[in-house]
Amino acid sequence: MSAYLAIDDVTVRYGANEILKSLSLSVEAGTLVALLGSSGCGKTTLLRAISGFVQPNAGRILLAGRDITDTPPEKRNTAMVFQSYALWPHMTVFQNIAYGLKLRRRPRSEINARIDGLLSLLHLENLADRKATELSGGQRQRVALGRALAVDPDVLLLDEPLSSLDARIRVELRAEIKAVQARVGITAIHVTHDREEAMVMADRIVVLRDGRIEQEGTPEEVYHRPATPFVASFMGADNVIELAIKDDDGAVLATFSEAGARSGARLPVGPGGVHLAAASSGGRVDAHFRAQAVRLAATDEEVPADCLILPGTIVQTSYPGGAWRYAVNTGAHRFIIDDARKYAAGDMIRVVLPASALHLFPTEPRLAS
């Protein structure tokens, strides 16, 4: 299937700084793609290049087979939803949503029918005559979304539209925006630095780093099979320990050794086992794991034989909700571990690492301290 939106080898420079570096991406029609990454990775620049507000220094952008690289923004038929809403404060909800259609000189009957449908879709029927300044943040963002959808764009561009909202409203609008996008069937590109937001909203996730695509795939693929250490850490597997591994007929013999402490286990590879991402079957690897994917065990507690066991000491406790969160020292390492059971600072403990929790990558060079 040919791409509906194609980013073809695009490079963008600001002065001497190369923000996008020969980046290529294909987006199928009707999908919601999340551009995910930390500040400065190039995700907003890519969105602005698609919208026409940034001109690539090299490469092409094609939409429905049409080269729009040099097309001005107003002729691309894209629509942007901003973090700051960008609504006209003196206009009503109806007038704000209808604004783009009036600029296009559409007949009044068409405008009324279109806006009435969008007000119903976005649950704004009872707010049509209210001024934008009289709305809550969540209601304003619905209006901004309605204004973007009113002009029937080929691509909907979402520039971190939820980041300024409080947590409860953010969760509600994630589901609503995704439901509206799926119901309308529009192609959407959503910029965010929030991995949970990307996971729950997107059909596909594109992780950007330093102007390049680090990984692209479904939320499940990116979460469970990160392609690089950066993706693993960005997707929450930011605990890292160095292991020695050796191939053993469909499994790896993994050994941890540090400051007199030694632990080893035979760990299966593949579904239900370790994720051996671009790592050789022997040598030293960095094992990434998530706080909630492992557990703690008392020193006298029986643990499974196919888990790696790290002896340690709890040095800090907190309760963020749902489980206790612990900082655990294991010699030179400190890990963050979530566990349902309550322990105290100073308790001697063991960190139990099941095979399925581990993402293994070739050991990266360490910077000298």
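The legends below describe close-up views of a predicted model.

**View 1. Helix α5 and its length.** Helix α5 covers residues 167-184, which makes 18 residues. Just after α5 comes Gly185, whose phi is positive, at about 80 degrees.

View 2. The buried residues in α5 are Ile169, Leu173, Arg174, Ile177, Lys178, Val180 and Gln181. Seen down the helix axis, the buried residues of α5 fall within an arc of 165 degrees, and therefore line one face of the helix. An α-helix has 3.6 residues a turn, so residues three or four places apart point the same way. Arg168, Ala175 and Arg183 lie on the other side of α5 and are exposed.

**View 3. What covers α5.** The buried residues of α5 are covered by elements that include the strands β3 (32-36), β7 (155-159) and β8 (187-192). Helices also take part in this cover, among them α3 (108-121), α4 (137-150) and α6 (195-201).

**View 4. The hairpin of β1 and β2.** Strand β1 (residues 5-14) pairs with strand β2 (residues 17-27) in the antiparallel sense, over 7 bridges. Opposite Tyr14 stands Asn17 in β2. The hairpin has 2 residues between its strands, and Gly15 takes a positive phi near 65 degrees there.

**View 5. The pairing of β1 with β4.** Strand β1 also pairs with strand β4 (residues 58-63), in the antiparallel sense and over 5 bridges. Leu63 in β4 is the residue opposite Leu5. Strands of a sheet pair through backbone hydrogen bonds, either parallel or antiparallel.

**View 6. An open sheet of 5 strands.** The strand order is β16-β20-β17-β18-β19, and the pairing is antiparallel. At the edges are β16 (295-297) and β19 (333-339), each of which pairs on one side only. With direction ignored, neighbouring strands of this sheet are turned by 45 degrees against each other on average. Within the sheet, β17 (residues 307-318) and β20 (residues 348-354) form an antiparallel pair with 7 bridges. Ile349 in β20 is the bridge partner of Gly312.

**View 7. Two buried cysteines.** Cys41 has 3% relative accessibility and Cys307 has 8%. Buried means under 20% relative accessible area, so Cys41 counts as buried, and Cys307 counts as buried too. A search of the whole structure for disulfides finds 0.

Key. Residues numbered from 1 in each chain as written. Predicted model: local features only at pLDDT ≥ 70, side-chain atom pairs only at ≥ 80, totals over all residues. Heavy atoms only, no water. Disulfide = S-S within 2.5 Å. Buried < 20%, exposed > 50% of the residue type's maximum accessible area, 1.4 Å probe, protein only. Helix = DSSP H or I, 4+ residues; strand = E, 2+ residues; numbered from the N terminus. Expected span 1.5 Å × (residues − 1). Arc of directions from axis to C-beta. Contact = heavy atoms within 4.5 Å. Pairing = 2+ DSSP bridges. Axes fitted to C-alpha atoms, helices over the stretch in contact; angles between N-to-C directions.
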